[in-house]
Amino acid sequence: MTTDEALAGEVIHNPVSGETIVIRQSAAQTGGLLLAWDLRLAPGGRVPSGHTHPGQEERFTIREGRLCFRIAGRTVVVGPGDSVVVPAGTAHHFANVGSVEAVVYVETRPALQMEQLLRTAAGLAQEQRRRASAMPRPVDLMLFMCDFRAEVQAPYLPARLVGMVVRAAARLAETLGADRRYRRLRAR
């Protein structure tokens, strides 16, 4: 599904992180200015790893439950009615620390390809779960990092060096045809 085809109401399930995402306003609907989505995060659910969004701000408004955020080295626990803003380029991670599902309204500005990132991450997680693996396939992870480098980066590694390695690995995977499974998964 392309950005132009994405519709509000799409549901994305990530079985590894415990996330269920419902798109409320798609990039196509907002001219790329905003992606608005509801996040449901199971007790103990968490974003798979700390990360940054180089050119995007995220705003989380907690509707139900409790989340623990780690933002730029600072920890904060928030509950219903609280909002957390993560500026572009800021390292962050979050997890549900409550005993009930957390329900969070999230705004990502600008949208960029965040819908595709969320969809692809969920597809990789479903494949990882089918294989009963603790991690995604390394080649898939490299291709993901290359495809979505404008949306997500590893927070504590030199971005330029990581970018060079990821792009080289993606080119090699394409040359060897090792990217076919990932490309099929991403096209869904």
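Select strands β2 (residues 19-25) and β3: 6 bridges join them, and they run antiparallel. Helices (H or I, at least four residues) and strands (E, at least two) are DSSP runs, numbered from the N terminus; two strands pair if DSSP finds at least two bridges between them. The model is predicted: local features need pLDDT of at least 70, side-chain atom pairs count only at pLDDT 80 or more, and totals for chains, interfaces and linings use all residues. Residues are numbered from 1 along each chain as its sequence is written, and side-chain values use heavy atoms, without hydrogens and water.

Pick I21. Opposite stands L39 in β3.

Now select β3, residues 35-41. Of its 7 residues, 6 are buried (under 20% relative accessible area; exposed is over 50%, partly exposed in between; 1.4 Å probe, protein chains only). A36 has E107 in β9 as its bridge partner.

Last, the largest pocket. A pocket is an open set of points on a 1 Å grid over the protein atoms alone, where a 1.4 Å probe fits, with protein on both sides within 12 Å along at least five of seven lines; lining residues have an atom within 4 Å of a point. About 740 Å³ of space lies here; the volume is the space filled by probe spheres set on the points, joined across faces, edges and corners. Select V47, P48, S49, A121 and F144, the closest to its centre of 32 lining residues. Then show α1 (114-130), which supplies 8 lining residues, the largest share.
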